[in-house]
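This briefing is meant for a reader who is meeting the structure for the first time. Please look over the sequence and the model below before reading on.

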Amino acid sequence: MMAPQEHIIEVKELVKKFGSFTANDHLTFHVEKGEIFGFLGANGAGKTTAIRILCGLSYPTSGELMVAGHDVYREREKIKQKIGYMSQKFSLYEDLTVSENIRLYAGIYGLGRKKILSREEHLLERLGLSHIRHRLIREIPLGWKQKLAFSVAIFHQPAIVFLDEPTGGVDPIARRQFWEMIHDATEEGITVFVTTHYMDEAEYCDRVSIMVDGRIDALDTPAALKKQFESTNMNDVFLKLARR
Amino acid sequence: MPLIVDHIDKYYKEVRALHQVDFQVQDGELFGLIGPDGAGKSTLFRVMASLVVPDRGRCTMQGYDVVRDYREVRKIIGYMPGRFSLYMDLSVEENLAFYARVFGTTVDEHYDLVREVYEQIAPFKKRLAGKLSGGMKQKLALSCALIHRPGILILDEPTTGVDAVSRMEFWSMLQKIKAQGITIVVSTPYMDEAELCDRVAMIQNGKLLEVIDPASPREEANLQLFSLSSSRGVYTYLEKIRGMEGCRHAWLFGDRLHVTLESGADAERMREVMESWNDPSLKLQPIKPSIEDLFMALMEQEGKEDTVTGNRI
């Protein structure tokens with residue numbers, strides 16, 4: 001067991017209700033610093049609700065939650081400074097250029113002009129995008145867009161990055177390159193909290209939680225989950241849990 | 001022949017959406033179109049549905065030309081677009097009745113065909129379509145596309161963004177519709193779904209890479225493909241493998257690495273080198289390529305010819 005201070009996210013008895021509907025039903029879990037944490041579940045299981053709360057965008061009905069050392073009730077603005085967020089649906093501004101998107105996000109996260117310029121150079125070079133820095137986002141292929149969106153989400157070196165279905169619709173090679181970028185980010189000490197519908201991607205996580213009807217019904221390493229559910233792959237685990 | 005796509009080109013200004021796309025679908029076949037976003041799948045569906053006119057080439061549905069005979073084409077197809085074309089301010093049953101009327105039929109006439117799908121949402125038949133969950137919208141849209149008993153059902157990414165359980169249910173519904181003698185053309189970005197089709201066309205950058213039969217042996221791929229596994233996890237070996245002589249490429253594949261060797265490379269030599277890594281659980285075994293392996297191999301070949309961007313990312 002890791003020491004408690006190594007838990008970058010600590011959730012105890014999280015409940016979120018919308019009227020009479022319970023979207024999150026007493027969730028208790030933690031995320032360790034530097035790990036890739038897979039947050040899986042069927043559509044409507046309550047994943048997005050929980051992510052919104054962890055990002056400081058919505059208040060829980062009850063429960064104790066600490067994110068990056070801050071309380072989600074009282075220190076939401078501090079949390080927002082320490083996290084990055086990216087999703088398939090909302091990532092970059094289509095009518096701004098590659099370079100403008102980088103500067104916009106970096107500015108929002110409060111980076112100074114000098115820092116932005118030097119890091120932008122470095123980023124474009126690393127991604128091999130220098131030659132298209134002045135192209136509009138809507139003109140570049142989806143695979144590139146998603147990699148750029150991820151880089152932008154971690155540009156301010158957050159403690160945690162939340163990725164909500166980051167690889168939807170992306171080609172199989174770009175999808176794998178994306179996961180290699182995720183691994184690289186963890187080596188820089190960034191914790192990754194990720195949702196996906198691709199079950200092979202669940203295998204790339206250090207630990208995986210699976211939500212069913214607002215509850216977490218399973219949480220462990222992929223290897224342990226496969227053993228527990230007598231399955232050879234995570235797809236099987238997921239199907240067995242959802243059909244129980 | 002239910003569907004003939006004959007060397008179709010389609011441009012949007014200078015962007016080439018489809019390039020010399022050419023294939024045929026047999027009677028009663030469940031035919032898949034697989035490829036990532038932006039590959040040209042939706043454009044192709046719009047051509048088939050007579051909504052977009054190709055710049056070159058021809059497309060016929062049951063012998064009717066999609067440009068010249070578009071009125072006939074629209075009667076014989078059932079089309080489910082990527083964004084379900086439901087009327088959000090009509091109820092579930094009103095949507096179904098509306099689609100039936102538009103096609104000059106009634107809900108009762110072909111109810112047997114949609115029963116299986118529709119009965120799953122029937123308990124909510126008074127609810128507005130706009131208030132349904134994604135999975136229920138998908139089922140209603142499928143019912144509406146089927147209610148006039150089309151000869152050909154064309155489904156543009158019906159499972160995108162849908163969880164693994166709902167995706168499996170949807171595919172078992174498709175198998176049942178197919179059993180009723182309806183030809184189905186369906187697109188998906190999920191490679192695992194391709195295994196459920198009779199034949200699959202792989203599309204990337206507006207080009208048809210290949211049409212394959214998922215059930216047939218894949219020697220034609222001529223891939224020297226191996227799977228690397230280890231109880232210690234494989235990610236740490238990724239760069240090491242890529243740096244080895246004889247390795248063409250290596251990619252993460254669930255809890256394994258899939259390693260493609262250069263032609264003529266010797267796997268035994270690689271195993272010898274791996275012994276020095278001191279991991280007795282490390283295994284390099286030959287495997288047959290999955291659809292996803294094939295797709296990636298074809299992408300790599302295409303990528304070499306593709307100079308639009310200079311370097312692949």
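Helix α5 (residues 142-153) of chain A and helix α6 (residues 172-187) of chain A have axes that come within 10 Å and cross at roughly 10°, which makes α5(A) roughly parallel to α6(A). This is a predicted model, in which local features need pLDDT of at least 70 and side-chain atom pairs count only at pLDDT 80 or more, while totals for chains, interfaces and linings use all residues. Residues are numbered from 1 along each chain as its sequence is written, and chains are lettered from A and ligands numbered from 1 in the order in which they are written.

**Helix pairs in chain A**

- Axes are lines fitted to C-alpha atoms, for helices over the stretch in contact, with angles from 0 to 180 degrees between N-to-C directions; under 35 degrees counts as roughly parallel, over 145 as roughly antiparallel, 65 to 115 as roughly perpendicular and the rest as oblique.
- On the α5(A) side A:G143, A:Q146, A:K147 and A:F150 meet A:A174, A:Q177, A:F178 and A:M181 of α6(A), where two residues are in contact if their C-beta atoms, placed from the backbone, lie within 7 Å.
- Helix α3 (residues 98-108) of chain A packs against helix α4 (residues 113-127) of chain A at an angle of about 135°, with the axes 11 Å apart, and the two are therefore oblique to each other.
- The contact is made by A:S99, A:I102, A:R103 and A:A106 of α3(A) together with A:I116, A:E120 and A:L123 of α4(A).

**A helix with a buried side**

- In helix α9 (residues 234-242) of chain A, the residues A:M234, A:V237, A:F238, A:L241 and A:A242 are buried, meaning that 20 or more other C-beta atoms lie within 10 Å of their own.
- They cover an arc of only 120° around the axis, which puts them on the same side of α9(A); the arc is that of the directions from the helix axis to the C-beta atoms.
- The cover over these residues includes β3 (36-41) and α7 (199-202) of chain A, as well as α6 (164-179) of chain B.

- Of the 313 residues of chain B, 42% count as buried.
- The contact between the chains takes 30 residues from chain B and 33 residues from chain A.

Terms used
Buried ≥ 20, exposed ≤ 12 C-beta atoms within 10 Å, placed from the backbone. Helix = DSSP H or I, 4+ residues; strand = E, 2+ residues; numbered from the N terminus.
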